[in-house]
Amino acid sequence: MSTTIPSRTGKAPGGWPLLGHAWQLHSRPLEFLSSLPAHGDLVRIGMGPWPAYVVCEPDAAHRMLTDSRTFDKGGPFFDKARVLFGSSLPMAGWQEHRWQRRQMQPAFQSDRIEKYAVVMGEEVDRMTSRWRPGQRLDVTDTLTTLTLRIVTRSVLGAEAQDEAVAEVQESLHTVIDGIYQRVMLPLGPLYRLPTPANRRYRRACERLHRAIDGIIAERRASPGGDDLVSMLLAARNDDTGEPMTDVDIRDQLMVMIGAGFETTANSLAFALWLLSQHPEAEAQVHAEVDRTLAGRTATTKDLDGLTYTRRVINEVLRMYPAGWFFTRVTTTDTTLAGRRLPKGTALLYSAYLLQHRPELFPDPDRFDPDRWIGQNTDSLPRGTFVSFGGGNRKCIGDQFALIEMTLALATVCTRWSLHPDPGSTMTVQVRGTLGPGSLIMTCRPRSKPEEG
Ligand code: HEM
C-alpha cells in the first residue's frame with residue numbers, strides 16, 4: 001500500500017457567498033469530506049464566512065498534529081465552544097495545555113487503567129444481567145448508559161455515590177445537547193430568554209454542577225487519594241504555585257466525562273450492528289470469546305486472547321471515528337503541504353476523510369477486521385489512522401477507551417447475540433460525534449448471564 005501522494009492544494013467547488021460550504025458540511029458532511037481529496041492535499045473550504053483548509057493528506061495531517069505549537073487549538077467553531085467549556089484540557093492553548101496534561105496524565109497510566117477495568121467489568125455485568133431473552137433494546141441508548149456510568153465512576157472515583165452518578169447521567173445529555181446547539185447555532189441573547197428549552201438547559205447545568213461540586217468537596221475534606229479529582233486538587237501552577245479553582249476542576253471533570261461516554265458508546269453500537277450484518281465476523285468473535293471467557297466477565301488479563309475482538313474495534317474506529325472532525329489554527333506564518341499559510345489560518349482534519357482514502361485503505365466502505373492482521377494502529381504510516389488524533393493532543397483516554405470497548409464487546413458477545421429486526425437499516429448520524437442513531441435489536445442468550 002503506497003502513501004506517497006503528490007502535494008497539491010485546491011479549492012472545494014460549490015461554495016455560496018457568506019455560507020461558504022456550511023450547507024454541504026451540515027447536510028451531507030461525510031460525502032462532502034470524502035469528495036475533497038480529489039481537489040488536493042490541502043483544500044480550501046468556507047465554514048460560513050470563514051475560510052479554512054481541510055488537510056487531506058496523511059503526512060501533512062501528521063505534521064499538523066505533532067507540531068502543536070505552530071498548529072494550536074482554535075478555529076471558528078472551537079472558539080465558540082471555548083466560551084462554554086472554559087480552559088479545560090481539550091480547549092487550552094499550547095502553553096497552558098502542557099501543564100494541564102502533565103497533571104492529568106498519571107490518571108491514565110496502566111496501573112490506574114487496571115482499576116478502571118474493574119469498574120468496567122462491574123458495569124458490563126450490571127447491564128447484561130438485566131437483559132432478558134427476546135427483549136428488544138435500543139442498543140445505542142443502553143450502551144450510552146453503560147459508558148456514561150463507567151467514565152463517571154472512573155473519573156469521580158469508583159466509590160462515588162450512586163445518586164451523584166445518576167444525577168450526572170440524567171443532566172449530562174441535556175447539557176451536551178444544549179452546548180452542541182449553542183456552538184452550531186450561535187443565537188446569543190436568544191439563549192437567555194426564559195423558554196422551556198433554555199430553562200431545561202439551565203436547570204440541567206445547575207444539577208450537574210451541584211453533583212460534581214459535591215464530589216470535589218468530599219475529596220477536599222479527605223485529601224491524599226490517587227483518583228483524578230484528588231490529582232486536580234493537589235495540582236499547583238508552575239509559575240504562581242496557585243491551586244486550581246473549584247470551577248476549573250469542575251470544568252476538567254465535566255469535559256473528561258463528556259469526551260468519554262458518547263464516543264465509546266457509539267463505537268460499541270456500531271460494532272454490534274456491523275457484527276449482526278457480517279455473520280462470518282460474528283462467528284469469529286463468538287469462537288474467540290467462548291474460548292477465552294466461556295461466559296465470564298472479561299478482565300485485562302484476557303486482552304491477549306481477544307485479538308480478533310480488538311481487530312473488530314480497530315475496524316469500527318477506522319470506518320466510523322466518533323470524533324469526525326477537529327480544527328486547528330496557525331500561531332505563526334508557516335508552510336503545510338507546500339502551501340504558505342499566514343498566522344491565523346484555520347485548518348480542519350477529519351479521521352473519517354483520511355481513513356476512507358482508498359489508496360490507504362482499499363475498498364474503504366467494506367467492514368474487514370482482517371485489515372488489521374499483523375499490525376496495530378501504532379504501526380501504520382504516520383497520519384493514516386487518526387481516530388484518536390495525534391501528537392501531544394492525542395486523546396488522553398485512548399487506552400481507556402480501547403480496553404473498555406474490547407472488554408465490553410467480548411463480555412456482551414460471550415453472553416448474548418443481538419439481532420436487528422429483519423430489513424432494518426442503520427443510518428449514520430453526524431452531530432458532535434458520529435453515531436448510529438437509535439438501533440433496536442433483540443437479545444438472544446448464548447450462555448447463562450449468571451455464569452459471569
Ligand atoms: C472511541 C472513543 C474515543 C475517541 C474516538 C476519541 C477521540 C479523540 C480525539 C480524536 C481527540 C483529539 C482531538 C483533537 O485532535 O483536537 C481526543 C481528545 C481527548 N479525549 Fe478522546 N476519544 C475517545 C474516548 C475518550 C475517553 C474514554 C476519554 C476520557 C476518559 C477521552 C478524553 C479526551 C480528552 C480529555 C481529550 C483532549 C486531550 C488533550 O487535548 O490533551 N476520550 N479524543
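Is Met-405 buried or exposed, and what is its relative accessible area? Met-405 is buried, at 2% relative accessible area (buried is under 20%, exposed over 50%, partly exposed in between, with a 1.4 Å probe and protein chains only). A quick note first: this is a predicted model, where local features need pLDDT of at least 70 and side-chain atom pairs pLDDT 80 or more, while totals for chains, interfaces and linings use all residues. Residues are numbered from 1 along each chain as its sequence is written, and side-chain values use heavy atoms, leaving out hydrogens and water.

**View 1. Met-405 and its surroundings.** Met-405 sits in helix 16, residues 398-415 (helices are DSSP runs of H or I, at least four residues, numbered from the N terminus). Setting aside neighbours within four places in sequence, Met-405 touches Thr-264, Ser-267, Leu-268, Ile-313 and Leu-317 (contact means heavy atoms within 4.5 Å).

**View 2. The largest nonpolar core.** This core has 133 residues, and Leu-36, Ile-45 and Leu-253 have the most contacts inside it (such a core is a set of buried Ala, Val, Leu, Ile, Met, Phe, Trp, Tyr and Cys residues joined through side-chain atoms within 4.5 Å). Helix 16 gives the most to it, with 11 residues. Beyond four places in sequence, the contacts of Leu-36 include Ala-12, Val-43, Ile-45 and Leu-353.

**View 3. Helix 7 beside helix 12.** The axes of helix 7 (residues 139-156) and helix 12 (residues 262-277) come within 8 Å and cross at roughly 140° (axes are lines fitted to C-alpha atoms over the stretch in contact, with angles from 0 to 180 degrees between N-to-C directions). Among the residues making the contact are Leu-143 of helix 7 and Leu-268 of helix 12.

Technical notes. Helices (H or I, at least four residues) and strands (E, at least two) are DSSP runs, numbered from the N terminus.
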